Each structure stands twice: as C-alpha cells, then as structure tokens.
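Good morning, everyone. Please take a look at the chain on the screen. I'll walk you through a few spots.

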Amino acid sequence: MFAKTADRIADIRARAEAATPGHWGVHYDGKGTYTIEAQPRLILGVGNVREGVVATLHGEHGDAQPYRDSGFMARAREDVPFLLDRVAELEALVKDLTDPDPCHFDHHGYCQAHGWFATDPVCPHGRAQTLFPELKDGAE
C-alpha cells in the first residue's frame, strides 16, 4: 500500500522511464501468438526490424483476448507517460485555482466561504483540499 498518492505517481513514472524506450508495436504470427516489439519498422531492402521483444502473449487462433491485451500493452508505452504528464498539469491547475481558506457551511450545507450553493457535489475547494492536504490554510 502506498502512503501517499505522490509516492505512487513517482513510482509509476520511474517504472515508465525504466521501460524499453520508443514506440512499441504488435506482431501477430497468425497462429495465436502476439509479440510486443520495441521500435518496429520496415527498412527498404532489409525488411521488418525491431529493437527487441518486450513481451509475448500466447493464445489460440481467433482468441480475441490476447489481441486486446497486446494492443493495451503496446500502447501503454506512450499512454502512461502522456497520462502522467496530464495528471501533473491538472494538479498544478487545481493548486493554482484552489482557495486555501477552509470551507464554512451554513445550515443548508452550502459553503459560504467559497460561494458554493450545492451539497452534492460538495464545494470544489474543499474537495481539492482533501486531494491536496498541503493546500489547506495556505500550507505548502
């Protein structure tokens, strides 16, 4: 179990950076085996080349699950870094837009401190402070 979300994100980023670099592609042998290859490409006069095999998935011909799994795995090489960068952008935006003052609720459950007149969802400033405790009361 991870103590903090930031630690888990750092661990995910470290794994992504340590993985085989470059674009990954999928080769199907026509018999049920899918091979995830690093930097596959076609070179005229040479043929299909790659920088190595990342993983091999075995199944039966016509089995859709190894096909879906191989596509997921191959695209994860580019999807995970993209998502990590997007999370970092959104975290920075939330931190910039969040008021550090604590919520103050009236008898209806509305946040008077931030002018939020709904109870579901609750005040976005309070939700942001829950996600990022360092935002509370201007602490950083």
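One term before we start: a residue counts as exposed when its relative accessible area is over 50%. Keep in mind that this model is predicted.

Now, histidine 61. Is it buried or exposed? Its relative accessible area is 60%, so histidine 61 is exposed. Find it in the loop that runs between β5 (52-58) and α2 (64-97).

Which residues does histidine 61 touch, leaving aside neighbours within four places in sequence? They are Tyr28, Gly30, Lys31 and Gly32. With glycine 30 there is a polar pair: a polar side-chain atom of histidine 61 sits 3.2 Å from the backbone oxygen of glycine 30.

Let's follow glycine 30. It lies in the turn of a hairpin made by β1 and β2, with four residues between the strands. Its phi is positive, about 85°. The strands themselves, β1 (residues 24-28) and β2 (residues 33-38), pair antiparallel over five bridges. Look at valine 26: its bridge partner in β2 is isoleucine 36.

Compare their surroundings. Cysteine 103 is partly exposed, at a relative accessible area of 23%. Cysteine 111 is buried, at 0%.

That's my tour. Questions, please.

Terms used:
Residues are numbered from 1 along each chain as its sequence is written. This is a predicted model: local features need pLDDT of at least 70, side-chain atom pairs count only at pLDDT 80 or more; totals for chains, interfaces and linings use all residues. Side-chain values use heavy atoms; hydrogens and water are left out. Helices (H or I, at least four residues) and strands (E, at least two) are DSSP runs, numbered from the N terminus. Buried means under 20% relative accessible area, exposed over 50%, partly exposed in between (1.4 Å probe, protein chains only). Contact means heavy atoms within 4.5 Å. A polar contact is a pair of N or O atoms within 3.5 Å; within protein, one must be able to donate a hydrogen and the other to accept it, and residues adjacent in sequence count only if both atoms are side-chain atoms. Two strands pair if DSSP finds at least two bridges between them.
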